[in-house]
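Here is a short briefing to read alongside the model. Have the viewer open and follow along, topic by topic.

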Amino acid sequence: MLERLNQAMEHIENHLDQSIDVAVLARIAATSEYHLRRMFSALAGMPLSEYIRRRRLTVAGAEVLAGREALLGIAVRYGYGSGEAFARAFRSVHGVGPGEARRTGAALVSQHRLSFRLIVEGSSSMRYRIVDRPTFTVIGPKARVPLVHTGPNQAIIDFVRGIDPQTLERLEKLSDQEPHGIVAVCDDLDPSRAEGTELDYYHGVVTDAPAFAGTTALAVPAGTWAVFTASGPAPQAIQELWREVFVEWFPSNPYRSRPGPEILRTLLSADGTEADAELWLPVEREHARPLERHVDASG
């Protein structure tokens, strides 16, 4: 997987001055567009689209400073329809406009090329199981919240604090299948997974019971799930679990993520310092393909 992902990164470098189709990158990486975006975001710490934008503006920045071509020509070559659009994008990355950068020789920001490699430490093993589930339903209070990559999500914290305790008590009594108890469910995420994009957040339970006042039902289609468990200090154990799944488990196992809700059940110790976490991710089996060298048809 990582070798193919690096081939996709090479394709990006060879086409920074052209349109880059994520479907083509997914074919090179021998996976789905959904999994490529999800995997890249987890490994690189930024959405794939943001990486491509930053690499384009890094290369464009070098050409701006070189001074051999008109700024409008550089803008058009890197996909910007006007000098104004190019200037806005340039300033958002470099903190200075292209005209000023050329006049003053300003220091610019560089987004380095990414390559991926698997470091095998062998110090721990990951606990997981694969579960085939028929259709099930999540019911609970629902909110549309922004995606936050690091640190606490204050919108979710405020939403959960505002839920009527009697609603939570009633929900807990309705939990009748795995994962048991109150769960946090994230659904309908933007494909880019960019910081600040919105998602549907449910604070509820998995049950066959119907939704009631103050709750919303989410019907989840039948499919395969990878279930991961971790225990340790809160919230570090949960944060590290997410990272390890995408950095270590997916590259080492014949599965890829698929569209669907992501479900997290967390049990905290009495003092809130320790957590037992169970993470359910929708997956599908990767179809093995022979590794082949990608040849650019443009020569």
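How many salt bridges does the count come to? The count comes to 16 salt bridges, and several of them are described below. Please keep in mind that this is a predicted model. The protein has 299 residues, of which 44% count as buried, and its secondary structure comes to 10 helices and 10 strands.

**Overall layout**

- The C-alpha trace spans about 70 × 45 × 35 Å along its principal axes.
- Taking contacts between residues at least 6 apart in sequence, 74% join residues at least 24 apart.

**Nonpolar cores**

- The largest nonpolar core has 50 residues, and Met 9, Ile 12, Leu 48, Phe 86 and Phe 250 have the most contacts inside it.
- Another core lies apart from that one and has 13 residues, including Val 131, Phe 136, Val 206 and Leu 218.
- Leu 48 touches Met 9, Ile 12, Val 22, Leu 25, Leu 36 and Phe 40, with residues up to four places away in sequence not counted.
- Leu 241 sits in helix H10 (residues 236–252) and counts as buried because its relative accessibility is 2%.
- Beyond its neighbours within four places in sequence, Leu 241 is in contact with Phe 228, Thr 229, Ala 230, Ala 277 and Leu 279.
- From Leu 241 to Phe 136 the separation is 105 residues in sequence and 25 Å in space, C-alpha to C-alpha.

**Helix packing**

- Helix H4 (residues 48–66) and helix H6 (residues 83–94) have axes that come within 10 Å and cross at roughly 100 degrees. That angle makes H4 roughly perpendicular to H6.
- On the H4 side of this meeting are Arg 53, Arg 54, Leu 57, Thr 58, Ala 60, Gly 61 and Val 64, and on the H6 side are Phe 86, Ala 89, Phe 90, Ser 92, Val 93 and His 94.
- Helix H1 (residues 2–14) packs with H3 at an angle of about 90 degrees, the axes being 12 Å apart, so H1 is roughly perpendicular to H3.
- Leu 2, Leu 5 and Met 9 of H1 make this contact with Leu 36, Met 39, Phe 40 and Leu 43 of H3.

**Salt bridges**

- Glu 63 and Arg 77 meet through their side chains in a salt bridge (2.4 Å, N to O). This pair links distant parts of the chain, with Glu 63 in helix H4 and Arg 77 in helix H5 (residues 71–77), 14 residues apart.
- Glu 63 counts as partly exposed at 23% relative accessibility, and Arg 77 is partly exposed with a relative accessible area of 29%.
- Asp 200 counts as buried at 10% relative accessibility, whereas Arg 144 is partly exposed at 40%.
- A network of salt bridges links Lys 142, Arg 144, Asp 188, Glu 198 and Asp 200.
- Glu 286 and Arg 256 also meet in a salt bridge (3.5 Å, N to O). Glu 286 lies in the segment after strand E10 (274–285) and Arg 256 in strand E8 (residues 255–257), so the pair ties together parts 30 residues apart in sequence.
- Both partners count as buried: Glu 286 at 16% relative accessibility and Arg 256 at 12%.

**Buried charges without a salt bridge**

- Arg 37, in helix H3 (residues 33–44), is buried yet has no salt bridge, and Glu 33, the nearest side chain of opposite charge, is 4.5 Å away.
- Asp 187, in strand E4, is also buried without a salt bridge, and its nearest side chain of opposite charge is Lys 142, 7.3 Å away.

**Backbone features**

- Glu 178 and Pro 179 are joined by a cis peptide bond, with omega about -15 degrees. Pro 179 lies in the loop between helix H9 (165–174) and strand E4 (183–187).
- Ala 30, in the loop between helix H2 (22–28) and H3, has a positive phi near 60 degrees. Ala 30 is buried, with a relative accessible area of 9%.
- Asp 188, in the loop between E4 and strand E5 (198–206), has a positive phi near 55 degrees. Asp 188 is partly exposed, with a relative accessible area of 45%.

How values were computed. Residues are numbered from 1 along each chain as its sequence is written. This is a predicted model: local features need pLDDT of at least 70, side-chain atom pairs count only at pLDDT 80 or more; totals for chains, interfaces and linings use all residues. Side-chain values use heavy atoms; hydrogens and water are left out. Helices (H or I, at least four residues) and strands (E, at least two) are DSSP runs, numbered from the N terminus. Buried means under 20% relative accessible area, exposed over 50%, partly exposed in between (1.4 Å probe, protein chains only). Lys and Arg count as positive and Asp and Glu as negative; His and the chain ends are not counted. A salt bridge is a side-chain nitrogen of Lys or Arg within 4 Å of a carboxyl oxygen of Asp or Glu. Contact means heavy atoms within 4.5 Å. A nonpolar core is a set of buried Ala, Val, Leu, Ile, Met, Phe, Trp, Tyr and Cys residues joined through side-chain atoms within 4.5 Å. Axes are lines fitted to C-alpha atoms, for helices over the stretch in contact, and angles run from 0 to 180 degrees between N-to-C directions. Angles under 35 degrees count as roughly parallel, over 145 as roughly antiparallel, 65 to 115 as roughly perpendicular and the rest as oblique.
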